[in-house]
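Subject: Structure for handover

Hello,

Here is the structure for you to look at. My notes on what was found in it follow below.

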Amino acid sequence: MIASGNHPDSDRPGEVLGTVLILGAGMAGLQCAARLTDSGVPVVLLDKGSRAGGRMATRPVEGALADYGAQYVEALSHEFRLQLKQWQSAGMARLWGFGFEGESTPSGLARYAIEGGMNRLPAHLGQSLNIRLRTEVERIALDGDHWLVSQTDGPSWRVPALVLTCPVPQALTLIDRGGIPLDRTLARKLDTVLYDPCFTLLLRLAGESRVPCPGALALDGQPLYWIADNRQKGVAGSSSEGTVLTLHAGPEFSTSHFDDDRDRVIRLMEHAAEPYLGAPILARHLHRWRYSRARTPLVERFLTLHESPLLLLAGDACGGRDVESAALSGIAAATALLERRPQWVSLAC
Ligand SMILES: Cc1cc2nc3c(=O)[nH]c(=O)nc-3n(C[C@H](O)[C@H](O)[C@H](O)COP(=O)(O)OP(=O)(O)OC[C@H]3O[C@@H](n4cnc5c(N)ncnc54)[C@H](O)[C@@H]3O)c2cc1C
């Protein structure tokens, strides 16, 4: 059942004239939406999460904050370096360091933390965008010259252009469910995009940790590859005592223990972190990322999955495996949509 509502600014599902629908309000979706909105295109973002940001994630643990997805932002490209400088001038991004103890091949690039936690950046970017949270897309299907985008609970959207920014395997599931015909070469290419899983364990400590200044340490990945002290990083907030440690497990450990009992995973990760604790543990929180980072990313910044109606694929795996590639991919998808605007706007008339 398609709900009614034809106004571009409509916040309701239905046939929304000329509106681009973006699945995913992570960095890729937000950057894509911001560019389109700046050019006067009505955009709606749908995200199953309770907040925007996707893998740029921050959460409270017993009165203190911790980053449990992306840990820092860095820029290889001139374009994203300028963007980072702007966020730094606005007091959003802060230089954290140029490398961390234990890194085997430090890039030497400046690493930026986000003041108040990584999620503050996407929250800021999403402020003036039309985002519908807790909205899970279950299926996308062709409906004449439009896309029919079905929510898990609720009515469907009918739009002339759609951008998918979720991890590639999740996009493929949606495409498969809707029986969307994909060019064979394209389908084979998408099948090559694999992701590493990652366990993240957050440990709330009663006092200071032994993680060296400036609050992060790289390890060999057996089982841990990263430990960060959120207080030293400037995330944890100053009102509470102690800190929260973020522990990331390496890809091999995360793969081989992915379906293990959670308590066992916590025990193994906590044991490996013992030399760096320095204070009693008050609370633990384990998060399991099925798709943490692309192991085999695509070279393209975005892909056109279907020409008419237009369906684009963007996200970090298009051109990389980090926040920068997600942002640049979202921008590239927006540019492509604007270039082809006459094609999909005419469908709405
Ligand atoms: C543990 C970990 C550590 C990392 N460390 C770093 C780091 O230090 N530096 C760095 O640059 N990068 C790091 N990354 C990678 C970085 O976080 C990602 O590359 C980037 O945030 C991806 O952005 P995105 O917009 O492409 O995808 P996402 O952030 O994953 O956004 C996709 C969105 O789609 C939504 N979604 C998915 N399916 C559906 C559906 N069916 N319906 C509705 N919504 C849906 C999700 O809720 C999500 O919000 C790390 C990632 C992880 C997990």
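**Helix 1**

The buried residues of helix 1 are Met 27, Ala 28, Gly 29, Leu 30, Gln 31, Cys 32, Ala 33 and Leu 36. Buried here means that 20 or more other C-beta atoms lie within 10 Å of the residue's own; 12 or fewer makes a residue exposed, anything in between makes it partly exposed, and the C-beta atoms are placed from the backbone. Helices (H or I, at least four residues) and strands (E, at least two) are DSSP runs, numbered from the N terminus.

Please keep in mind that this is a predicted model: local features need pLDDT of at least 70, side-chain atom pairs count only at pLDDT 80 or more, and totals for chains, interfaces and linings use all residues. Residues are numbered from 1 along each chain as its sequence is written.

The buried residues of helix 1 pack against strand 1 (20–23), strand 2 (43–46), helix 3 (120–125), strand 11 (161–164) and helix 9. Contact between two residues means that their C-beta atoms, placed from the backbone, lie within 7 Å. The end C-alpha atoms of helix 1 are 16 Å apart, which agrees with the 16 Å that its 12 residues should span at 1.5 Å a residue; the expected span is 1.5 Å times one less than the number of residues. Just after helix 1, Gly 40 has a positive phi of about 85°.

**Confidence**

The pLDDT, the predictor's confidence in each residue from 0 to 100, averages 93 for the protein, and 93% of the residues score at least 70. Over residues 1–10 the pLDDT is below 50, and this stretch has 25 contacts in the model beyond near neighbours in sequence. Where pLDDT is low, the predicted coordinates should not be read in detail.

**Domains**

The protein divides into domain 1 (20–50 + 133–193 + 297–348) and domain 2 (58–123 + 195–294), with bounds that come from an automatic or database domain assignment. Their C-alpha centres lie 29 Å apart. Domain 1 puts 14 residues into the contact and domain 2 puts in 13 residues. On the side of domain 1 that touches domain 2, helix 1 and helix 9 are the elements that give two or more residues. Helix 9 gives the most there, with four residues. By class, that side of domain 1 has 10 nonpolar, one polar and three charged residues. For these classes, Ala, Val, Leu, Ile, Met, Phe, Trp, Tyr, Cys and Pro count as nonpolar, Asp, Glu, Lys and Arg as charged, and the others, Gly among them, as polar.

**Ligand shell**

The ligand is surrounded by 36 residues, and the closest are Gly 24, Gly 26, Gly 54, Asp 316 and Asp 322. A residue is near a molecule if its C-beta atom, placed from the backbone, lies within 6 Å of it. Helix 1 (27–38), strand 12 (195–205), strand 16 (281–294) and helix 9 (323–339) each supply at least two residues of this shell. Domain 1 and domain 2 each provide at least three of its residues. The shell is made up of 15 nonpolar, 13 polar and eight charged residues.

**Backbone points to check**

Most residues other than glycine have a negative phi, and most peptide bonds are trans. The following do otherwise.

- The peptide bond from Cys 213 to Pro 214 is cis, with omega near 10°; Pro 214 sits in the loop between strand 12 and strand 13 (216–218).
- The peptide bond from Ser 308 to Pro 309 is also cis, with omega near 0°; Pro 309 sits in the loop between strand 17 (303–306) and strand 18 (310–313).
- Glu 62 is not a glycine, yet has a positive phi of about 50°.
- Arg 134 is not a glycine, yet has a positive phi of about 50°. Arg 134 lies in the loop between strand 7 (131–132) and strand 8 (137–143), and with 13 C-beta neighbours inside 10 Å counts as partly exposed.

**His 285**

His 285 is in strand 16. With 17 C-beta neighbours inside 10 Å, His 285 counts as partly exposed. Not counting residues up to four places away in sequence, His 285 touches Val 61 and Leu 202.

Regards
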